[in-house]
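Welcome, and take a moment to turn the model around before reading on. The report below is a guided walk through some of its parts.

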Amino acid sequence: MQFSLDDTYVTLHEILSQPIAWKAVLHELEDQAETLKSHWQPKSMQEVIFTGCGSTYYLSRTAAEIFKGETGTLVSAYPASDLYLFPDLVLTKGAWRTLVTISRSGETSETLRAVDQFRSRDSGPVYAISCYEKAPLVKKASVSLIAREAHEKSVAQTRSFSSMLVAVTGLAALLSGRTLSERFLELPDLGTDLISDHHELAKELGSAPNFERFFFLGSGPLYGLACEAMLKMKEMSLSYSEAYQFLEFRHGPMSMVNENSLIVGLLSETAFEHEARLLSDMRKLGAQVFAITPIELSKDQADHQVVLPGGLTDLERGTLYLPLLQLLAFYRSVSKGLNPDKPSNLTAVVNLDLDPV
Ligand code: F1P
């Protein structure tokens, strides 16, 4: 199947080319492994803080969970503005911390200020994950990991997000003292197959005119990715879209479900039974369900499903959910007559004047 829109929209080109960028990140992880490990001091460190803005804040949420699972360290994730504006709450006295900053551009004003705030109170190392080697954030950091082939012309982050996710997932594994698994190193091939096998389904669902409400559900390490999918749907297609952890959805939000709702489930292996049951209940309320899942669902649990390749853990698998979620938002945008390359009211980088007035 030919998708000639690839020539028309840079966003589509960036979505489809992301596995190539992941490959470059995997090489970078292997090349930089010793340097990255040399800054990690688990014995003296009490907490790892992850920070970013917008997409990269959501990436921080997922990264924090992955780090907790891989390294066993205490972690937290904050929007960079909270770190900058509420330092007494985030950087409580007497702890020795590591800061992991994530930013596609490496220029976002709050993220830069967050590093300054951290440095003024803590002496631990600052890791920067970015797409631009020469960015100010990278210069401020103690050590950096660059997704060199992931930079984008688009405003909405797609391949940059997934590539930086590959970077933090690999970083967590390395810092936990293990080597990257063989299967994790196959992510680029797995991603390429997944896109070619299911592009058409994402296009069909993204173009369906009947959907008025999109709900993205993901729990544990997948919650940050559900939030990112929600944000993509808003940025590119100006659609009603929300994100929740699976079981949280029962505590109020499901009152918004109707027959014009698409519920997109990012299922885990760990909580599969509970997540599948919720999807089946939502179908009974009239919603359509699209599941991206490591384990096959029965027919009553999903209208559409993509079963992800095996051999990866819940902590390693996150990257593979993203391309289809991005395609969903892209086709929704195009089918509404919008331009996904030019989201309303947004710029690729937010530069605020944060000096006191
Ligand atoms: C963060 C960000 C993007 C968002 C928008 C504004 O940028 O919030 O996630 O799509 O374009 O900036 P960055 O710090 O990751 O470069």
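What follows covers the sheet, some helices, the ligand site and a few single residues.

This is a predicted model, in which local features need pLDDT of at least 70, side-chain atom pairs count only at pLDDT 80 or more, and totals for chains, interfaces and linings use all residues. Residues are numbered from 1 along each chain as its sequence is written, and side-chain values use heavy atoms, with hydrogens and water left out.

## The sheet

Helices (H or I, at least four residues) and strands (E, at least two) are DSSP runs, numbered from the N terminus, and two strands pair if DSSP finds at least two bridges between them. In general, strands of a sheet pair through backbone hydrogen bonds, either parallel or antiparallel.

Let us look at two of these pairings. β6 and β7 are joined in the parallel sense over 5 bridges, and here Leu217 has Tyr244 in β7 as its bridge partner. Strand β9 (residues 288-293) pairs with β10, also in the parallel sense, over 4 bridges; Ile292 stands opposite Val306 in β10.

How much of β6 is buried? The count is 5 of its 6 residues, so β6 is largely enclosed by the rest of the structure. Buried means under 20% relative accessible area, exposed means over 50%, and partly exposed lies in between (1.4 Å probe, protein chains only).

## Helices across the sheet

## Helix α9

Helix α9 (residues 159-175) has 17 residues and reaches 24 Å from its first C-alpha to its last, close to the 24 Å expected at 1.5 Å a residue. That expected span is 1.5 Å times one less than the number of residues. α9 is mostly covered, with 17 of its 17 residues buried. Just after α9, Gly177 takes a positive phi of about 100 degrees.

Leu175 lies in this helix and is buried, with a relative accessible area of 8%. Leaving aside residues up to four places away in sequence, Leu175 touches Leu36, Lys37, Trp40, Phe67, Thr71 and Tyr127. The C-alpha atoms of Leu175 and Ser335 are separated by 44 Å, and the two residues are 160 residues apart along the chain.

## Around the ligand

Which residues are closest to the ligand? There are 14 residues around the ligand, and the closest are Ser103, Arg104, Ser105, Thr108 and Gln157. A residue counts as near when one of its heavy atoms lies within 4 Å.

| Residue and atom | Ligand atom | Distance |
|---|---|---|
| Ser55, backbone N or O | oxygen | 3.0 Å |
| Ser103, polar side-chain atom | oxygen | 2.7 Å |
| Thr347, backbone N or O | oxygen | 2.9 Å |

## Some single residues

Gln301 lies in the loop between β9 and β10. Is Gln301 buried or exposed? At 17% relative accessibility, Gln301 counts as buried. A polar atom of the Gln301 side chain lies 2.9 Å from the backbone nitrogen of Ser298. Gln301 also touches Ala276, Leu279, Ser280, Arg283 and Val289, not counting residues up to four places away in sequence.

Leu238 sits in the loop between α12 and β7. Although Leu238 is not a glycine, it has a positive phi of about 50 degrees, and at 47% relative accessibility Leu238 counts as partly exposed.

Asn345 belongs to the segment after α14 (322-335). The phi of Asn345, a residue other than glycine, is positive and near 65 degrees, and Asn345 is exposed, with a relative accessible area of 82%.

Finally, Tyr331 lies in helix α14 and is buried, with a relative accessible area of 2%. Tyr331 and Ala202 are 129 residues apart in sequence and 7.8 Å apart in space, C-alpha to C-alpha.

Definitions and conventions. A polar contact is a pair of N or O atoms within 3.5 Å; within protein, one must be able to donate a hydrogen and the other to accept it, and residues adjacent in sequence count only if both atoms are side-chain atoms. Contact means heavy atoms within 4.5 Å.
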